[in-house]
Amino acid sequence: MSGKKCLVLFVPLMVLCMLMTTLESRQIDDITCSEAISSLLPCVPFLEGSLPATPSSDCCVGVTNVANKANTTPSRRSTCQCLKNASTKFGVNADRAKQLPQLCHVSLPFVISPTIDCNSIP
């Protein structure tokens, strides 16, 4: 395996490991924080602002999974807080994060942003 291919596989895996050890794994109704992060792992290249310019189909499947499982006010707020914390810790490109639900044709009641007030989510 070439060094570049190895890096492409290693970096997302390392990010997931770091998230799972540093973020709370409390239950978010039907989805845990770790599960939400895992679902969005294919979105890492897009969210970091690198290529590709659009999210992959695997990324969009993950966004859909999060949207479907975070289906109550408490779970939406908890998921929002989880992703807010992750976006702050791992330098998510705010413009890309705002575009993600629209590009995946998924309705999320919140934006993945370090500045969102998750308690205001219905």
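His105 is exposed, because its relative accessible area is 74%, and exposed here means over 50%, buried means under 20%, and partly exposed lies in between (1.4 Å probe, protein chains only). His105 lies in the segment after helix H6. Phi of His105 is near 60°, which is a positive value in a residue other than glycine. Pro52 lies in the loop between H3 and H4. For comparison, most residues other than glycine have a negative phi, and most peptide bonds are trans.

This is a predicted model, in which local features need pLDDT of at least 70 and side-chain atom pairs count only at pLDDT 80 or more, while totals for chains, interfaces and linings use all residues. Residues are numbered from 1 along each chain as its sequence is written, and side-chain values use heavy atoms, with hydrogens and water left out.

The pLDDT is the predictor's confidence in each residue, from 0 to 100. The protein chain averages a pLDDT of 82, and 76% of the residues score at least 70. Where pLDDT is low, the predicted coordinates should not be read in detail.

The whole chain comes next. Its secondary structure comes to six helices and two strands, and read along the sequence the pattern is α-β-β-α-α-α-α-α. Helices (H or I, at least four residues) and strands (E, at least two) are DSSP runs, numbered from the N terminus. Of the 122 residues of the protein chain, 41% count as buried. The chain exposes about 6,800 Å², of which carbon and sulfur atoms supply 59%; accessible areas come from the Shrake-Rupley method with a 1.4 Å probe, and for residues only the protein chains shown count as cover. Among contacts (heavy atoms within 4.5 Å) with a separation of 6 or more, residues 24 or more positions apart account for 72%.

Helix H2 can be followed residue by residue. H2 is mostly covered, with six of its eight residues buried. These are Cys33, Ser34, Ala36, Ile37, Ser39 and Leu40. Ser39 is found in H2, which spans residues 33-40, and Ser39 counts as buried because its relative accessibility is 13%. Leaving aside neighbours within four places in sequence, Ser39 is in contact with Gly62, Asn65 and Val66. On the same terms, Leu40 is in contact with Gly62, Val63, Val66, Leu83 and Ile112.

Leu40 also belongs to the largest nonpolar core. A nonpolar core is a set of buried Ala, Val, Leu, Ile, Met, Phe, Trp, Tyr and Cys residues joined through side-chain atoms within 4.5 Å. Of the 27 residues in this core, Leu40, Cys43, Val63, Leu83, Leu100, Phe110 and Ile112 touch the most other members. The elements that give two or more residues to the core are H2, H3 (44-47), H4 (57-69), H5 (73-89) and H6 (94-103). H4 gives the most, with five residues.

Which residue forms a salt bridge with Glu35? The partner of Glu35 is Lys69, with the closest N and O atoms 2.5 Å apart. A salt bridge is a side-chain nitrogen of Lys or Arg within 4 Å of a carboxyl oxygen of Asp or Glu, and a search of the whole structure finds one. The pair links distant parts of the chain, with Glu35 in H2 and Lys69 in H4, 34 residues apart. Glu35 counts as partly exposed because its relative accessible area is 26%, and Lys69 counts as partly exposed because its relative accessible area is 27%. Leaving aside neighbours within four places in sequence, Glu35 is in contact with Asp30, Asn65 and Lys69. Glu35 and Thr79 are 44 residues apart in sequence and 9.8 Å apart in space, C-alpha to C-alpha.
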